[in-house]
Amino acid sequence: MSADTDSDPDVMGLDHTTVTGWGRTAPTAARLIRPRSYEEAAAAVRDCGARGGIPRGLGRAYGDAAQNAGGSVLDMTALDRVHAIDADGGTVLCDAGVSLHRLMEVLLPLGWFVPVTPGTRYVTVGGAIGADIHGKNHHVSGSFARHVLALELLTADGEIRTVIPGTPLFDATAGGMGLTGVILTATIRLQPVETSLMSVDTERATDLDDLMARLAATDHRYRYSVAWIDLLARGAATGRAVLTRGDHAPLDALPARLRRDPLAFRTPRLPATPEILPEGLLSRTTVGLFNELWYRKAPRARTGRLQRISPFFHPLDGVPHWNRVYGRGGFVQYQFVVGYGREDALRRIVRRISERRCPSFLAVLKRFGESDPGWLSFPVPGWTLALDIPAGLPGLGAFLDELDEEIAAAGGRVYLAKDARLRPELLAAMYPRLDDFRELRARLDPRGVFVSDLARRLSL
Amino acid sequence: MKDAFGLPQSLLVLGGTSEIALATARRLIARRTRTVWLAGRPSPALEEAAGQLRGLGADVHTVAFDALDPASHEAVLGKVFAEGDVDMVLLAFGLLGDQARDEREPEAAVRVAQTNYTGAVSAGLVCARSLQSQGHGSLVVMSSVAGERARRANFIYGSSKAGLDAFAQGLGDALHGTGVHVMIVRPGFVRTRMTAGLPEAPLATTPEAVATAVELGLRRRTETVWVPGTLRVVMAALRHLPRAVFRRLPV
């Protein structure tokens with residue numbers, strides 16, 4: 001297969017690389033291109049060939065959103081300049097390849113923080129807009145695109161357009177999974193902070209109803225709010241959880257020792273997870289033990305504890321390549337939302353997952369606030385649950401299909417940035433603006449230049 | 001595209017009336033597969049197989065394909081790939097032949113060899129090339145335990161499967177890193193039309209069991225699947241028996 005590859009450009013040669021998402025399932029091969037200027041990016045879009053191209057950031061999407069089998073994948077991480085910071089007004093203009101980690105390094109000393117951060121700092125601004133990411137502050141601040149004042153988009157025709165909120169192209173791009181074009185730069189409104197520390201309240205909930213009652217009653221008092229659920233707990237303890245909530249600590253809450261450098265940004269890192277780990281490391285027993293310990297080590301109730309940014313927002317970032325823990329077979333992350341008033345569906349699903357005994361590390365439950373206008377944007381007002389499950393678990397595909405049905409019937413949806421397995425038939429029910437998205441794409445990109453494995457799989 | 005569990009949305013079956021292939025297609029349609037291409041010699045049996053799969057909700061097309069006419073493979077299979085991505089190719093055609101007759105009539109023996117080996121080399125290479133330019137897909141090749149060591153009772157069939165098996169192994173290595181996955185399936189005695197009337201071998205299995213093993217292999221991206229799995233150990237032992245002993249075994 002290799003001798004004649006040079007003479008035939010249609011057949012893949014050595015410049016192709018196998019690409020997967022963070023979950024390491026469904027690998028496909030693509031030509032990786034790393035543009036170092038806007039001109040190179042435009043050239044890459046023009047030359048990406050019959051199987052099209054898709055922008056990729058730091059590869060933290062769990063599924064196949066930033067893969068493009070047989071085509072081009074545009075690695076945008078070389079375009080990583082921070083162009084301008086308005087330290088008075090609280091805005092930043094930067095390239096799409098800049099990571100949230102980098103933004104925090106630059107902005108925190110100036111007293112500003114990113115408006116929204118997911119569970120990892122290692123996502124790019126372009127990816128954050130493409131997936132319209134949310135964080136622990138969604139119930140207060142909405143998703144990432146709400147804080148984007150403008151962006152520059154390289155579209156299929158090779159043009160660079162300035163896109164502002166309130167326009168169809170903005171709403172298709174926010175959450176559009178990179179399929180409307182390549183985001184080159186973005187202007188983002190920032191969050192003012194007095195210190196780089198978080199003031200954190202922790203409490204335990206004994207079961208799911210207790211948890212939901214606590215979240216519903218007091219969420220509005222916290223900017224950041226999240227609950228870690230032990231989905232291996234059964235019986236009366238089903239849905240037992242640790243709630244962690246807080247806000248940026250004001251300067252006067254700091255002890256004198258920390259007041260000398262209140263905006264310091266420290267991010268300890270452990271050695272990377274080894275490339276090869278034994279299969280079956282994550283069994284029901286090991287994960288169950290871990291969950292038990294995690295639950296027990298959390299204080300029953302503690303308020304005002306000072307914590308750094310990294311352990312509060314991004315506990316897993318301290319362990320590079322933690323995704324390898326799931327072994328060669330990889331894992332799927334399942335995140336869904338069901339609206340307020342559909343708590344019955346949430347209870348049923350949590351019970352089914354608990355009964356199924358999926359070896360899932362602490363799952364994450366939180367409440368979403370108002371949704372944003374992105375047509376394929378994930379958050380809607382309601383309850384969202386996210387969990388990781390090893391992909392090799394027998395019968396997992398069929399089990400998750402059943403959950404999808406239940407979620408769709410309850411008017412809920414799953415998150416495309418994490419998906420690697422949804423049945424395409426359910427997509428339109430979950431995302432009512434799907435037809436608008438398809439129609440805009442057909443008009444903006446008639447030749448289908450922008451395409452990904454996700455787009456092929458779900459006919460986006 | 002395949003999903004996180006390796007399940008294909010579109011399937012091309014070479015040997016569209018094979019019972020093992022159809023059992024596999026039924027299983028995959030129950031999961032994710034929506035488009036099926038059944039390639040084989042035009043016949044009422046091929047149309048009937050297509051009709052049955054349509055009844056399960058899949059969009060099924062039949063394609064006139066003849067393993068014994070390699071010159072046509074490029075054109076015939078090229079048309080299928082031109083219609084859209086093929087996530088999985090199941091190479092399942094093959095002849096068992098009649099050992100006694102084939103020993104007497106070399107031309108009949110050659111037909112077995114040409115179908116099982118030459119035809120598969122040609123179709124396998126054509127599909128591999130298309131899968132490679134897609135950058136993804138699985139090529140699942142139906143080999144046989146008979147290819148693992150030639151037996152007196154069916155060495156003509158066995159030798160053709162040995163050739164196919166070696167070809168598929170090499171092809172899998174050639175395609176490593178291209179996003180294409182080659183999986184060799186080595187079933188033992190499968191109860192089908194092909195083996196009807198033959199004395200049943202130990203560890204006999206069914207088309208449905210082969211289909212289950214294929215689904216599991218896709219999920220794990222396995223390179224070699226034995227059906228049933230215990231055959232891996234049994235054959236490892238048999239392979240190393242001295243010939244003087246092997247030839248006397250009642251297998």
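Predicted model: local features only at pLDDT ≥ 70, side-chain atom pairs only at ≥ 80, totals over all residues.
Is Asp132(A) buried or exposed? Asp132(A) is buried, because its relative accessible area is 0%, and a residue counts as buried under 20%.

## Backbone angles

Asp132(A) sits in the loop between helix H3 (125–130) and helix H4 (138–141) of chain A. Its phi is near 40°, a positive value in a residue other than glycine. Arg24(A) also has a positive phi, of about 60°, although it is not a glycine. Arg24(A) belongs to the loop between strand S1 (16–19) and S2 of chain A.

In chain B, the peptide bond that joins Val227(B) and Pro228(B) is cis, with omega about -10°. Pro228(B) is placed in the loop between strand S7 (224–227) and helix H8 (231–239) of chain B.

## The annotated domain

UniProt, in an unreviewed entry, places the feature "domain: FAD-binding PCMH-type" at residues 25–193 of chain A. In the model this span is 20% helix and 28% strand.

Thr155(A) is found in the loop between strand S8 (148–154) and strand S9 (160–163) of chain A. Thr155(A) counts as buried because its relative accessibility is 0%. Leaving out residues up to four places away in sequence, Thr155(A) touches Val45(A), Arg161(A), Thr180(A), Leu444(A) and Phe450(A).

Glu203(A) is part of strand S12 (residues 197–205) of chain A. Its relative accessibility is 17%, so Glu203(A) counts as buried, the limit being under 20%. Apart from residues up to four places away in sequence, Glu203(A) touches Arg214(A), Ala241(A), Val242(A), Leu243(A), Arg245(A), Pro299(A), Arg300(A) and Ala301(A).

One of these neighbours, Arg245(A), has its side chain joined to that of Glu203(A) by a polar contact of 2.7 Å. Glu203(A) and Arg245(A) also belong to a network of salt bridges, together with Asp210(A), Arg214(A), Asp219(A) and Arg367(A).

## Salt bridges within each chain

Side chains of opposite charge can pair when their charged atoms come close. A search of the whole structure finds 46 salt bridges over all chains. One is formed by the side chains of Arg240(A) and Asp230(A), at 2.8 Å from N to O. Both residues lie in the loop between strand S13 (224–229) and strand S14 (241–248) of chain A, so the pair ties together parts that are ten residues apart in sequence. Arg240(A) counts as buried because its relative accessibility is 8%. Asp230(A) counts as buried too, because its value is 3%.

In chain B, the side chains of Asp165(B) and Arg186(B) meet in a salt bridge of 2.7 Å, N to O. This pair links distant parts of the chain, 21 residues apart: Asp165(B) is in helix H6 (residues 155–174) of chain B, and Arg186(B) is in strand S6 (residues 180–187) of chain B. Asp165(B) has a relative accessibility of 5% and so counts as buried. Arg186(B) is buried as well, with a relative accessible area of 8%.

## Where the two chains meet

How many residues of chain A are in contact with chain B? The contact takes in 36 residues of chain A and 26 residues of chain B. The two chains bury about 2400 Å² between them, and 52% of this area is on carbon and sulfur atoms. Between chain A and chain B there are eleven residue pairs in polar contact, both residues being at pLDDT 80 or more. On the side of chain A that touches chain B, the elements that give two or more residues are strand S2 (28–33), helix H11 (396–409) and helix H14 (453–458) of chain A. The largest share, four residues, comes from H11(A). By type, the residues on this side of chain A divide into 16 nonpolar, seven polar and 13 charged.

Four salt bridges are counted between chain A and chain B. One of them joins Asp401(A) and Arg32(B), with the closest N and O atoms 2.6 Å apart. This pair crosses from helix H11 of chain A to the loop between helix H1 (19–29) and strand S2 (35–40) of chain B. Asp401(A) and Arg32(B) are both buried. Another salt bridge joins Glu425(A) and Arg34(B), and here the closest N and O atoms are 3.0 Å apart.

Notes:
Residues numbered from 1 in each chain as written. Chains lettered and ligands numbered in written order. Heavy atoms only, no water. Contact = heavy atoms within 4.5 Å. Buried area = accessible area lost by both parts, 1.4 Å probe. Polar contact = N/O pair within 3.5 Å; in protein donor to acceptor, adjacent residues only side chain to side chain. Nonpolar A, V, L, I, M, F, W, Y, C, P; charged D, E, K, R; others polar. UniProt positions renumbered as here; feature names shortened; annotations may be inferred. Buried < 20%, exposed > 50% of the residue type's maximum accessible area, 1.4 Å probe, protein only.
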